[in-house]
Amino acid sequence: MTSSPNPALTDPRILQELAVAASIPQGEAAAPSMSPLPFRVHTSRQETHDTFTLELSPASGAEKYPFKAGQFNMLYIYGVGEVPISISGDPVFPAMLIHTTRAVGAVTKAMKKLKKGDVVGVRGPFGTAWPVERALGNDVVLVAGGIGLAPLRPALYSILANREEYGSVAVLYGTRTKEDILFRRELEQWRSRLDLEVHATVDRATGSWRGNVGVVTTLIPKAPFDPHNTIAMVCGPEIMMRFTVIELMKRGLEESDIYVSMERNMKCGVGLCGHCQLGPTFICKNGPVYTYKEIKDLFRKREI
Amino acid sequence: MDKFEQIIGEHPLFTGMDEKYLHLIVGCCSNVVFKPGEFVAHEGDKADNFYLVRHGKVTVETFAPGRGAVTIDTVVEGEVMGWSWMVAPYEAHFDARALELTRAVKLDAACLRKKMEDDPAFGFEVMKRFVGLILRRLHYTRLQLLDWYGNDK
C-alpha cells in the first residue's frame, strides 16, 4: 500500500498561503497565526450552570486585541487541546479578550477550571464578521438561540456604539429555561433602553418567569422591522437558524439580507486542514458568518 | 362601522373575510379585562368563550405536582386564546391565566357555534381560519419539542 502526499502540502498556492499565515508579525494587532500567543486569565466568570466567560489579556502586555464582531479564536489549553471559540467581547473597546462558551468537551471543561493568572494560547482572530457596516442605515434584527447570544453580542456592541446610524434594532433571544439565560443582567439593561427592542422567550417555564414561553421563532412575526430595509443576524444551533430563516423570509427578508454563523470542527483556522470544510467552503476562513444566500444549498444537506 | 366591526375586521384571524360573516362574528363579541393573576380558563371547565387578546399576556399552563404551575405557551397582543370551544365536549384542556393586565375581545362560543351550524359556508370559513391557527401552534410546539438549545448541536 502506498501513501500519496497531502495535496495541500504540494500545492504552491496553498504553501504560499501557509507561509504568509505563519509569518504575519505579532504586533499590537495580533494577527492570525499557526503559533498560539500566550494570554493570561484575568477573570473567569460562571454565566449559567454550564456556560462561563473568560477575560484574557496578552501576556506580552499589549493593550489591545483588535477583532471584528463575529470572528473567533483558537484557544489552546496547554496539554489538553485547542478549540475554536467565538469572541464575545466589545470590538469597540478591545482591551480585554472575552470568550464565552459552554463546558462540554475535554478542552472547554479544562478551560472552565482556569484561574486568574493561568496561561492559555490564543490564535486568531479568524473568520468573517457580522455585517455591522453593511447594516448602517437599515433596521437590524438579531436572533439568538442559547449560547448563540455570545457571538452576536459584539455585533450589538458595535451597533450600540453607533446607534444613531441604524433604524430600529431588535434583539430576539430564545433559550431553554430562565436559568439558561445568558448575560441576563446585560439583557435587562438593553431592554431598559428606549432605542432597543429586546424580547426573550424560554421553552419551559415555572414560577416567577413573566416573559414569553415558546421557541424564538414565535417572536419574529411581531418584531419591529421593515423587511425591505432590514439586515438579520442569526446565531444558534443550526436547526434553530434554519427555522428562523424561514420565519424571517415569511416576513419578507431577502436571502442576501439574512446572515447566519455556522459552526463546524475548526482546527487550523486558516482554511488548510479541511476539518471544517462544508461542501466547497471552509468555515474557518470563508465563514463562520455567511449570508443565507451563500450557504442555503448546504443548509439542508444531510450528508455534510 | 362600530368598534367591534373594526377590531374584528382588522384582526389577522379574520383578514379578508366577507363583511356579512364579520357581522355574524361581531354579534357574539364583548369586551373583557383580566387582572394580573386572574384565571381566563380552568382546565376541565366548559370552554364557553375564546378571546382575541388586545393588550397584555396570558399564560397557558398546567399544574404539575412538585413543580407547580408549568407554563406551556404564552398568548400575547394580537393573538387568539382558546380553541377547545370548537370541538365537543367543549372543555378547556389547560389553565389560562393573565400574567399582566389583559384586555381582550371575548367571543361567545355557543353563539358562534350556532351561527356556524346554521350557515355551513360561514362555519367552514371560520374552521379554515382556526385550522391555520392550530397548525401554526402545532408547528411551534413541535419545534419546542426538539429542545434545540439543549446541547447546541
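Tutor: In this predicted model, B:Ala98 counts as buried because 22 C-beta neighbours lie inside 10 Å, where 20 or more are required. The residue is found in strand β7 of chain B, residues 95–98. Leaving aside residues up to four places away in sequence, B:Ala98 touches B:Phe34, B:Lys35, B:Pro36, B:Gly37, B:Glu38, B:Val40, B:Gly56 and B:Val58. As for B:Ala47, the separation from B:Ala98 is 51 residues in sequence and 17 Å in space, C-alpha to C-alpha.

The strand that holds B:Ala98 belongs to an open sheet of five strands, ordered β10(A)-β5(B)-β4(B)-β7(B)-β2(B), with antiparallel pairing. At the edges stand β10 of chain A and β2 (39–41) of chain B; each has a single partner strand, so one side of each is left without a neighbour in the sheet. B:Val40, one of the residues that B:Ala98 touches, lies within the residue range of β2 of chain B.

The contact between the chains takes 26 residues from chain A and 23 residues from chain B. On the side of chain A that touches chain B, β8 (169–175), β10 (205–206), β11 (212–213) and α5 of chain A each supply at least two residues. The largest share, three residues, comes from α5(A). By class, that side of chain A has ten nonpolar, ten polar and six charged residues.

After α4(B) comes B:Asp147, with a positive phi near 50 degrees.

Chain A itself is divided by the domain assignment into domain 1 (30–126) and domain 2 (139–261). The centres of domain 1 of chain A and domain 2 of chain A, taken over C-alpha atoms, are separated by 25 Å. Contact between them involves 15 residues of domain 1 of chain A and 14 residues of domain 2 of chain A. On the side of domain 1 of chain A that touches domain 2 of chain A, four residues are nonpolar, eight polar and three charged.

A further strand, β5 of chain A (residues 97–102), is mostly covered, with six of its six residues buried. Both faces of β5(A) are covered: A:Leu97, A:His99 and A:Thr101 lie on one side, and A:Ile98, A:Thr100 and A:Arg102 on the other. Six bridges join β5(A) to strand β2 of chain A, residues 51–58, and the two run antiparallel. In this arrangement A:Thr100 of β5(A) stands opposite A:Thr53.

Notes: Residues are numbered from 1 along each chain as its sequence is written. Chains are lettered from A and ligands numbered from 1 in the order in which they are written. This is a predicted model: local features need pLDDT of at least 70, side-chain atom pairs count only at pLDDT 80 or more; totals for chains, interfaces and linings use all residues. Helices (H or I, at least four residues) and strands (E, at least two) are DSSP runs, numbered from the N terminus. Domain bounds come from an automatic or database domain assignment. Two residues are in contact if their C-beta atoms, placed from the backbone, lie within 7 Å. Ala, Val, Leu, Ile, Met, Phe, Trp, Tyr, Cys and Pro count as nonpolar, Asp, Glu, Lys and Arg as charged, and the others, Gly among them, as polar. Two strands pair if DSSP finds at least two bridges between them. A residue is buried if 20 or more other C-beta atoms lie within 10 Å of its own, exposed if 12 or fewer, and partly exposed in between; C-beta atoms are placed from the backbone.
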